[in-house]
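User: I would like to learn how to read a helix and a strand in a model. Could you take me through one of each?

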Amino acid sequence: MAEQKVRWGILATGGIAAAFTADLVDLPDAEVVAVASRRQESADAFAERFGIPRAYGDWTSLAEDGDIDVVYVATPHSAHREAAGLCLEAGRHVLCEKAFTLNAREAAELVALAKARGSFLMEAMWMYCNPLVRRLKALVDDGAIGEVRHVQADFGLAGPFPPSHRLRDPAQGGGALLDLGVYPVSFAQLLLGEPSDVTARATLSAEGVDLQTGALLSWDNGAIASLHCSIVGGTATAASITGSAGRIDVPGGFFFPERFVLHRDGRDPQEFTADPADGPRNTLRHEAAEVMRALRAGETESPLVPLEGTLAVMRTLDAVPDRVGVRYPGEESTGEETAGEAPELTPA
């Protein structure tokens, strides 16, 4: 028996909204019924591109559309609090892009609002929904490498990005940390939880955003994570997890891996590869499927991307600017969401 379709609204029309919608329309149990932009012409063009029946030139009309079950918020993170909050207030469920918000305070406000409304809310941390990442976490949780001692992860883009680009704009939460650093931090905390201490250093641009940041996270049990993000140098996007009895290496694209290798003391290396049936490496369909599964089950949050985990990541991300001298002059975006096109999700 076919599942009843879940009706989606898309809020924003930039690159990541297009990538998500392209994957969404291929899911037989999903239906995209509306899209909104702050510019009617942008909404109209997006709707025509994907065959979406309704296009709104404002966010409120989308939020108040009673035919929508869940809204995917794809604005720059500086507007997530406003956009997601508007949808939650109107009674919509929400999947919100990462970084979840500009800071931990805004994240806590959205979580509190969702709980007060009894609405589903999830950060679009697609890495957590990736089948091979889930396999890696299961191995670590099962003690395949013993107790985790060290996590390393990096994500950097070569650029160069001009000063006019949103990644260089403090008002839009620009810099490497919130766009790219959220991945290494989320990876480390997927395995170890929230750290007890954060140390960081950064190279800042003339505009005051971080061009590259290195962070050292530590836990009370002695574990350490060495993390790096950059918008001035393309990195390997590699990761490794070292434990007391072995190691797991993810040679590239750790947040959407093609393979990883398990090294255990006294045994031959064991390689795990992505199942071709799961789709392309950069597919966003797994997070969409998880949202729809949770909604049908009556859940208000996903066990794969729990809200407390999102809040914990935001608290860690909050700690870094305090240590490197980054200041965001505005926490509510007045820019257009089409400026928020995502970087190409392909490792260097």
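Predicted model: local features only at pLDDT ≥ 70, side-chain atom pairs only at ≥ 80, totals over all residues.

User: How far apart are the end C-alpha atoms of helix α5, and what should its residues span?

Analyst: Helix α5 covers residues 104–117, and at 1.5 Å a residue its 14 residues should span 20 Å, which agrees with the end C-alpha atoms being 20 Å apart.

User: Which residues of α5 are buried, and what do they pack against?

Analyst: An α-helix has 3.6 residues a turn, so residues three or four places apart point the same way. In α5 the buried residues are A104, E106, A107, L110, V111, L113 and A114, and these pack against α4 (80–89), β6 (121–123) and α10 (307–324).

User: Turning to the strand, how many residues of β11 are buried, and which strands pair with β11?

Analyst: In a regular strand the side chains alternate between the two faces of the sheet. Of the 5 residues of β11 (residues 239–243), 4 are buried, so the strand is largely enclosed by the rest of the structure. Strand β7 (residues 148–156) pairs with β11 in the antiparallel sense over 5 bridges, with Q152 opposite S240. Strand β12 (residues 246–250) also pairs with β11 in the antiparallel sense over 5 bridges; there V250 is the bridge partner of A239, and 2 residues lie between β11 and β12 in the hairpin they form.

Note on methods. Residues numbered from 1 in each chain as written. Heavy atoms only, no water. Expected span 1.5 Å × (residues − 1). Buried < 20%, exposed > 50% of the residue type's maximum accessible area, 1.4 Å probe, protein only. Contact = heavy atoms within 4.5 Å. Pairing = 2+ DSSP bridges.
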